[in-house]
Amino acid sequence: MRAAAVRCLAVSMATKSVAGWSPREKMKLKSLLLRYYPPGIMLEYENSGELKTKSIDLLDLDPSTDVNALVEEIQKAEPLITASRSDQVKLLIQRLQSKLKQHSNHKFYLFKVLRAHILPLTNVALNKSGSCDKIATGSFDKTCKLWSVETGKCYHTFRGHTAEIVCLSFNPQSTLVATGSMDRTAKLWDIQNGEELFTLTGHSAEIISLSFNTLGNRIITGSFDHTVIVWEADSGRKVYILIGHCAEISSALFNWDCSLILTGSMDKTCMLWDATNGKCVATLTGHDDEILDSCFDYTGKLIATASADGTARVFSVATRKCITKLEGHEGEISKISFNPQGSRLLTGSSDKTARIWDAQTGQCLQVLGGHTDEIFSCAFNYKGDIIVTDPQERALPPTERLCEF
């Protein structure tokens, strides 16, 4: 079993890190960086005078993995990892294993309330870098705002949409924010200077979901026109359109290795698509009402769905089967997300609460109350130790709550 796990890790890593490498290229490794979530090692290297990065993804790493055997496989697959670097790589993997052993049984408490927009909020996102120092909020006031987590200061207000902003996302590098609107467009913004970079047009109805892929070079948008469009992030060029749902799209996102796309719809189903050719490979069923949100865990092994039927479900990507059902909310569940470790799920509901669940058993571990209206959005930060909730509170100004353990 242990040897099989090592082989699986090595094949997964080699496919991504060796692609595009040529022995004629002069590459020099500059540094090794640890990535806890999902487990991996980032390589900073110099290629013909240009500094570049790539990753060794260790998505199947667990505390029992044979580290020595794994390092040997990495050395065989990755030319930048020479024998002189083996001890350093071994130490990084052992640190990752120690992190995987940690349990996230902590409780969250309210530590900050942000007075955000004049009109109700629709969505919220935390930046994806390890610093987790910025929050983006979208609103019915047609703007997106960028905030400091620590001070609550507003850095920028992004203006340009002609209708409500209902979805938003940081790119993985945390240099851009994308916003989707009821005006049928999506926009990309530079978070340093607050300027609009370009607008994505092509949907015939409102855009209600968007996200970047892991590399940050593609964006996916889902619309009330029943379609999903994949775009190039640097040019805004349309790559392909996914057609198959028979009702409005509620969520659309890539898995970690960018091989699959997950879409949720108000037709009560989720669909899995091959990201290389845009073909549907599976349909997930079981909910009794509209699916309002869906997500992958960080390894891409699990899918979670949230529904207007008041329940959430966890599916295995490998088998396409439901492995657990989350029950307890007294209203529809509008948002769901895994923590970075993949062990917990966070849900937000029209019953004015957010809840934390055990992702394997479906047990409710904590109820986060305090809001006076339904919760539209909620999210974990990169480390999983801060939660932000985004309600549609009618008392002005709307608020946003930060909880930490």
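Which residue takes a positive phi in the hairpin of E23 and E24? In this predicted model, Arg320 does, with a phi near 65°. Five residues lie between the two strands of that hairpin.

Now step back to the sheet around the hairpin. Four strands build an open sheet, in the order E21-E22-E23-E24, with antiparallel pairing. Strand E21 (291–296) and strand E24 (322–327) stand at the edges. Each of these edge strands has a single partner strand, so one side of each is left without a neighbour in the sheet. From one strand to the next, the twist averages 15°.

Follow the chain into E22 and E23. Strand E22 covers residues 302–307, and strand E23 covers residues 311–316. Five bridges join them in the antiparallel sense. Leu302 stands opposite Ser316 in E23. Ala306 has Ala312 of E23 as its bridge partner. E22 and E23 form a hairpin with three residues between them. In that turn, Gly310 has a positive phi of about 85°.

What about the side chains of E23? In a regular strand, side chains alternate between the two faces of the sheet. Thr311, Arg313 and Phe315 point one way from E23. Ala312, Val314 and Ser316 point the other way. All of these residues are buried. Buried here means under 20% relative accessible area. E23 is thus mostly covered, with six of its six residues buried.

Terms used: Residues are numbered from 1 along each chain as its sequence is written. This is a predicted model: local features need pLDDT of at least 70, side-chain atom pairs count only at pLDDT 80 or more; totals for chains, interfaces and linings use all residues. Side-chain values use heavy atoms; hydrogens and water are left out. Two strands pair if DSSP finds at least two bridges between them. Axes are lines fitted to C-alpha atoms, for helices over the stretch in contact, and angles run from 0 to 180 degrees between N-to-C directions. Buried means under 20% relative accessible area, exposed over 50%, partly exposed in between (1.4 Å probe, protein chains only).
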